[in-house]
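Please look over the sequence and the structure first.

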Amino acid sequence: MRMFLIASVGLNLVLAITLLVPRHGVSTNNLAGAAEPNPGGDSTNGKPKVILRRQFFSWDELESPDYQAYIKNLRDIGCPESTIRDIIVADINQVYAKKKQNQALTADQQWWRKDPDPAVTGKLNVLDQERRATLANLLGPDWDANNPTNQSPKVVALNGPMLSDLSPDAKASVQEIALRSQQQTAALVDAAREQNIPPDSAELAKIREQTRQDLSKVLNPAQLEEFLLRYSQTATTLRTELQSLNVSADEFRNIFRTTDSIERQLQSLTGNDSTTAQQRAQLQQQRDLAIRTILGADRFQTYQGVRDASYADALNAAQQAGAPATAVQPVYQINQATAQEQSRIQNDPTLSDEEKASQLAAINQQQKQASDQVLGLAPPPAPTTPTPPPLPPLIYSYRGGETLDQIALQYGSTIPEILGANPNLNPNVIQRGQRILIPPTPSPLPSYYVPRTPPSILSSPP
């Protein structure tokens with residue numbers, strides 16, 4: 001890219017010289033600094049007009065190990081600032097890509113695992129911060145303003161026993177192919193994002209197939225497989241799906257070998273007709289059978305669950321909480337029940353938008369509380385106090401001269417409650433010694449009531 005930009009600057013300068021010569025009638029001698037007499041004989045100032053211009057220059061004179069001097073040389077020949085920025089950014093990116101390769105990446109990372117080595121990630125972040133600081137020092141703090149192409153390209157490590165032994169020319173070719181694939185994919189994704197549509201899966205498949213064909217011209221079959229195991233989209237997806245199963249390198253390699261051709265066929269099926277759907281289903285069944293054969297029935301069931309978004313969320317929640325594996329299934333069931341209830345609420349035509357929002361918020365809160373309890377992030381609910389059994393009614397022996405109102409007040413009851421407990425009682429005719437059932441007090445006595453000493457004739461029901 002750097003050489004292309006420099007060549008472009010040179011061609012622009014040659015074009016400018018070509019246009020200036022006939023326009024001003026300047027001979028080739030003038031380009032070397034010769035004086036041109038005034039054609040009109042105007043001797044107002046008595047001095048000839050002189051045009052000073054370099055006839056030849058070498059690009060070696062422009063380049064300098066000192067980037068400040070290099071930028072000055074480019075400006076001296078009239079190079080536009082935008083072109084200078086592109087040249088310097090491309091050059092610095094290339095320098096730091098080599099630094100990442102040489103300083104941050106070890107001989108062979110655990111390529112079959114999803115999560116990168118934290119130590120390597122830290123080194124890469126430090127180098128990227130250093131790269132951005134260098135560009136800001138050379139080009140100013142706004143060097144990357146509104147220019148997303150200035151991001152550092154993703155480094156293809158080319159490590160491991162096969163790829164690390166490639167010749168420098170082969171490594172350069174592989175890096176170039178990988179970078180071109182990244183740029184084509186990024187351009188396709190950006191264009192789809194601008195239109196607010198998903199990227200064209202057929203076009204993505206074409207880019208991946210073309211990249212594989214280009215790599216096969218540089219790498220032998222074993223080297224190509226090693227590259228795909230580490231850097232292909234198929235391997236990246238597979239690492240995500242297998243992250244909870246703690247597969248070994250050999251297991252990952254075997255799964256990749258048995259499913260790679262199936263994945264390529266699946267990616268080539270882009271239609272929506274019934275025939276294509278049937279072919280896709282058959283290929284998916286073949287893929288699942290191959291993975292089940294390698295993982296076994298129990299681990300394959302977990303693998304299938306991970307591919308379910310609700311199960312994956314439950315697994316991630318359990319891992320982050322440090323909960324045992326037995327907590328995954330209950331949380332998964334909570335997620336499924338929540339999703340069903342959310343769908344019911346959202347599709348209920350009788351609810352207003354405000355009512356839907358309120359009920360969805362309540363459902364989400366209930367989901368969190370239930371999940372936190374299963375994962376041990378919240379204490380279990382306090383046990384409810386059991387309701388005491390109902391008290392048996394008291395039996396009062398009527399002494400004469402009293403009213404039901406007085407009896408009710410004495411025991412914190414009411415006349416209707418007493419009559420309800422004594423359906424055969426005539427409040428107007430009560431005989432001395434007649435037994436009256438006093439219902440249990442349903443609530444504390446009123447504060448103004450001072451109970452009298454209960455009568456001595458109280459007994460349990462017969």
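## Report on the chain

At 32% relative accessibility, valine 95 counts as partly exposed, where buried means under 20% relative accessible area, exposed over 50% and partly exposed in between (1.4 Å probe, protein chains only). Valine 95 has its place in helix α4 (residues 81–104). Its C-alpha atom and that of arginine 131, 36 residues apart along the chain, are separated by 9.0 Å.

The model is predicted: local features need pLDDT of at least 70, side-chain atom pairs count only at pLDDT 80 or more, and totals for chains, interfaces and linings use all residues. Residues are numbered from 1 along each chain as its sequence is written, and side-chain values use heavy atoms, with hydrogens and water left out.

**Overall make-up**

The chain has 18 helices and five strands; helices (H or I, at least four residues) and strands (E, at least two) are DSSP runs, numbered from the N terminus. Of its 462 residues, 31% count as buried. Among contacts in the chain with a separation of 6 or more, 60% come from residues 24 or more positions apart, a contact being heavy atoms within 4.5 Å.

**Helix pairs**

The axes of helix α12 (residues 274–295) and helix α13 (residues 297–307) come within 7 Å and cross at roughly 135°. Axes are lines fitted to C-alpha atoms, for helices over the stretch in contact, and angles run from 0 to 180 degrees between N-to-C directions. The two helices α12 and α13 are therefore oblique to each other; angles under 35 degrees count as roughly parallel, over 145 as roughly antiparallel, 65 to 115 as roughly perpendicular and the rest as oblique. The crossing of α12 past α13 is right-handed. A crossing is right-handed if the near helix is turned clockwise from the far one by less than a right angle, and left-handed if anticlockwise.

On the α12 side the contact is made by Gln284, Arg287, Asp288, Ile291, Arg292 and Leu295, and on the α13 side by Ala297, Arg299, Phe300, Tyr303 and Arg307. These residues of the α12 and α13 contact divide into five nonpolar, one polar and five charged. Here Ala, Val, Leu, Ile, Met, Phe, Trp, Tyr, Cys and Pro count as nonpolar, Asp, Glu, Lys and Arg as charged, and the others, Gly among them, as polar.

Helix α8 (residues 201–216) and α9 have axes that come within 10 Å and cross at roughly 140°. Again the crossing, of α8 past α9, is right-handed. Arg212, Leu215 and Ser216 of α8 meet Leu224, Phe227 and Leu228 of α9 in this contact. By class, the contact of α8 with α9 has four nonpolar, one polar and one charged residues.

Arginine 208 also lies in helix α8 and is partly exposed, with a relative accessible area of 33%. Not counting residues up to four places away in sequence, arginine 208 touches Gln233 and Gln267. The C-alpha atoms of arginine 208 and glutamine 184, 24 residues apart along the chain, are separated by 9.9 Å.

**Salt bridges**

The structure holds 21 salt bridges, each a side-chain nitrogen of Lys or Arg within 4 Å of a carboxyl oxygen of Asp or Glu. The table gives three of them.

| Aspartate 86 | Arginine 85 | 3.6 Å |

Glutamate 225 is partly exposed at 22% relative accessible area, and arginine 257 is partly exposed at 47%.

Glutamate 226 and arginine 230 are four residues apart in helix α9 and so are separated by about one helical turn. Both of these residues, glutamate 226 and arginine 230, are buried. A network of salt bridges links Glu225, Glu226, Arg230, Arg253 and Arg257.

In the remaining pair of the table, aspartate 86 is partly exposed at 24% relative accessibility, and arginine 85 is partly exposed at 25%.

**Positive phi values**

Asparagine 196, in the loop between α7 (168–194) and α8, has a phi near 60°, a positive value in a residue other than glycine. Asparagine 196 is exposed, with a relative accessible area of 72%. Asparagine 246, in the loop between α10 (233–241) and α11, has a positive phi near 55°. Asparagine 246 is exposed, at 53% relative accessible area.
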